[in-house]
Amino acid sequence: MPVAASAIYFLNLRGDVLINRLYRDDVGGNMVDAFRTHIMQTKELGVCPVRQIGGCSFFYMRISNVYIVIVVSSNANVACAFKFVVEAVSLFKSYFGGAFDEDAIRNNFVLIYELLDEILDFGYPQNLSPEILKLYITQEGVRSPFSSKPVDRPIPNATLQVTGAVGWRREGLVYKKNEVFLDIVESVNLLMSSKGSVLRCDVTGKIVMKCFLSGMPDLKLGLNDKIGLEKESQIKSRPTKSGKTIELDDVTFHQCVNLTRFNSEKTVSFVPPDGEFELMKYRITEGVNLPFRVLPTIKELGRTRMEVNVKVKSVFGAKMFALGVVIKIPVPKQTAKANFQVTSGRAKYNPSIDCLVWKIRKFPGQTEPTMSAEVELISTITEKKSWTRPPIQMEFQVPMFTASGLRVRFLKVWEKSGYNTVEWVRYITKAGSYEIRC
C-alpha cells in the first residue's frame, strides 16, 4: 500500500476473528494471535495505530465495535492503508444500509468475502467506489432494521464505468439549465502581537464546485497562480500580464483532475462529477492579505478595576463588508461586571467563558469601530495570582474577498453538443485560528 497488504482481519472487541482474508503467503495464519497478545491484551491498545511485531507491521482502526487490522510484511504507506480502511467501511455501509458493526458483519459474510476479493487484488487496493461496484455485485446486504437509508439504484453502462477513465460520472445526464457553481473558501490562521506585528500567518483554502451539466463536459480552470501564468506565457510565447500572482503550497486535487495535463501545462482540466464535490485544496504562507487588524489596550487599575480598549480596523475594500463578526476579549475569572461603550454592534460580559464578547452583525470595509469597557473585579483576601492574559479571538466571514489574493481567471466548459452554460463564482474568507495577544 503501495506495498501490498498480506492479510486483513475483522475482530470484535474480545479479539475473536469475525472474518479474515489472506492475500499473500509471506505471513503466517497465526498473525492475529500476535495482535491479540502484544496489542489487545496490553494497555497500548489505542495509543498508536501502527505496531511492528516480529518483522510484520500491523495497522489497525476501530470502527464501532469492530477492529480492522491490516498486516504487511514490508515497509508500506500507512496513510494509504488507513485511507483504504475508511473507503472500505463506506463501501460496506452502502451495502448494509448505513450500519457497520459486529452484527452487520455476521449477517453479511458471503457479501463481504465477495467485496474483499474485488477491492484488494493480491493485496493491492482496487476500485472502492460503491456506485461502480454495485453495477456488477448486485447482491443486497442484510440491512439493519434501524437503517432509514434508501436503497441505491444501480446506474447503466457498467462496462464504461468500470474500465473507462471516468468512473466518477455516469453517462446520459440531462439538465434543462446547465450551470456551474464555484466557491473559493479560505480560512485565515493568525497570531499577532499586542503591538500589531505578525508572529504567524497562513491561509488554508479549498475550491468547492457544484455542477449541473448535461453529457460528459470537459472543464478547464485558470487561476492567477504564479506557476500557471508563467507556463501559459511560455506556451503562447508572450510575456506574463502584470497583476498579482500567488504561489500555492501543498496542493491536492480531486481524482477527476487530469494530472498529466496539469504537470505539462499547469492548467486544471477535468471531467467533473455530478453535483457537489471538492476540486482542490491548497495553502498560502506568503503575501497574505489580513482582513482585520486588532489593536488592544488593557490596563489593570489596582486589584478591583480594569480598563479595556479595543480598536478593530477592516483592511478590505470600502464596498465590501464582513458578516457575523465576533471579538472575544478574555478577562480574569474574578470579574464581577463590565460597563461598555461601543461605536458599532453590541457587547456583553459572558462569565461562562470569562470573556467580553463584542458582536458586529455587518462590518463595512475601511472602518475602525472601537469598544471601551470598565471591568470590575471581585476583591479577594488571598494573594492575587498574576493573570496570564490569553489572546483575543476573532470570528468573521468576508464574502467576495480572499486573503490569499487567489482569483479565477477563466472557467471554460466544453461539451460536444455545444450547449451554453452559466458559471457562478463566489469568494469567502473565514476566520480559522485568528488570535491577537493582549
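The following dialogue explains how terms are applied to features of one predicted protein model.

Visitor: How many helices and strands does the protein chain have, and what counts as one?

Guide: The chain has 8 helices and 23 strands. Helices are DSSP runs of H or I with at least four residues, strands are runs of E with at least two, and both are numbered from the N terminus.

Visitor: How do you know what span to expect of helix α2?

Guide: The expected span is 1.5 Å times one less than the number of residues. Helix α2, residues 78-96, has 19 residues and reaches 27 Å from its first C-alpha to its last, close to the 27 Å expected.

Visitor: What stands at the N-terminal end of α2, and what follows just after the helix?

Guide: Asn77 caps the N-terminal end, with a side-chain oxygen 3.1 Å from the backbone nitrogen of Ala79. A polar contact is a pair of N or O atoms within 3.5 Å; within protein, one must be able to donate a hydrogen and the other to accept it, and residues adjacent in sequence count only if both atoms are side-chain atoms. Just after α2, Gly97 takes a positive phi of about 85°.

Visitor: Why is Asn224 called buried?

Guide: Buried means under 20% relative accessible area, exposed means over 50%, and partly exposed lies in between (1.4 Å probe, protein chains only). Asn224 has a relative accessible area of 7%, and therefore it is buried. Buried residues make up 43% of the 438 residues in the chain; those in α2 include Phe82, Val85, Val89 and Phe92.

Visitor: Where does Asn224 lie, and which backbone atoms does its side chain reach?

Guide: Asn224 lies in the loop between β10 (218-223) and α7 (226-236). Its side chain reaches the backbone oxygen of Gly405 at 3.0 Å, and a polar atom of that side chain lies 2.8 Å from the backbone nitrogen of Arg407.

Visitor: What makes Asn189 a buried residue, and which residues does Asn189 touch?

Guide: Asn189 has a relative accessible area of 15%, so it is buried. Asn189 lies in strand β8, residues 179-192. Contact means heavy atoms within 4.5 Å. Not counting residues up to four places away in sequence, Asn189 touches Arg200, Cys201, Asp202, Thr204, Gly432 and Ser433. A polar atom of the Asn189 side chain also lies 3.0 Å from the backbone nitrogen of Ser433.

Visitor: Why is the pair of Lys333 and Asp354 called a salt bridge?

Guide: A salt bridge is a side-chain nitrogen of Lys or Arg within 4 Å of a carboxyl oxygen of Asp or Glu. The closest N and O atoms of Lys333 and Asp354 are 3.2 Å apart, and the pair forms a salt bridge. The pair links distant parts of the chain, 21 residues apart: Lys333 is in the loop between β16 (321-330) and β17 (335-342), and Asp354 is in the loop between β18 and β19.

Visitor: Are these two residues buried or exposed?

Guide: Lys333 has 67% relative accessibility, so it counts as exposed. Asp354, at 17%, is buried. Asp354 also has a positive phi of about 55° although it is not a glycine.

Visitor: What makes Glu300 and Arg389 another salt bridge?

Guide: Their closest N and O atoms are 3.4 Å apart. Glu300 in strand β14 (residues 292-301) and Arg389 in the loop between β20 and β21 are 89 residues apart. Glu300 has a relative accessible area of 36% and is therefore partly exposed; Arg389, with 26%, is partly exposed. The phi of Arg389 is near 55°, a positive value in a residue other than glycine.

Visitor: How many salt bridges does a search of the whole structure find?

Guide: The search finds 17 salt bridges. One of them joins Glu179 and Lys177, whose closest N and O atoms are 3.6 Å apart. Glu179 counts as buried because its relative accessibility is 15%.

Terms used:
Residues numbered from 1 in each chain as written. Predicted model: local features only at pLDDT ≥ 70, side-chain atom pairs only at ≥ 80, totals over all residues. Heavy atoms only, no water.
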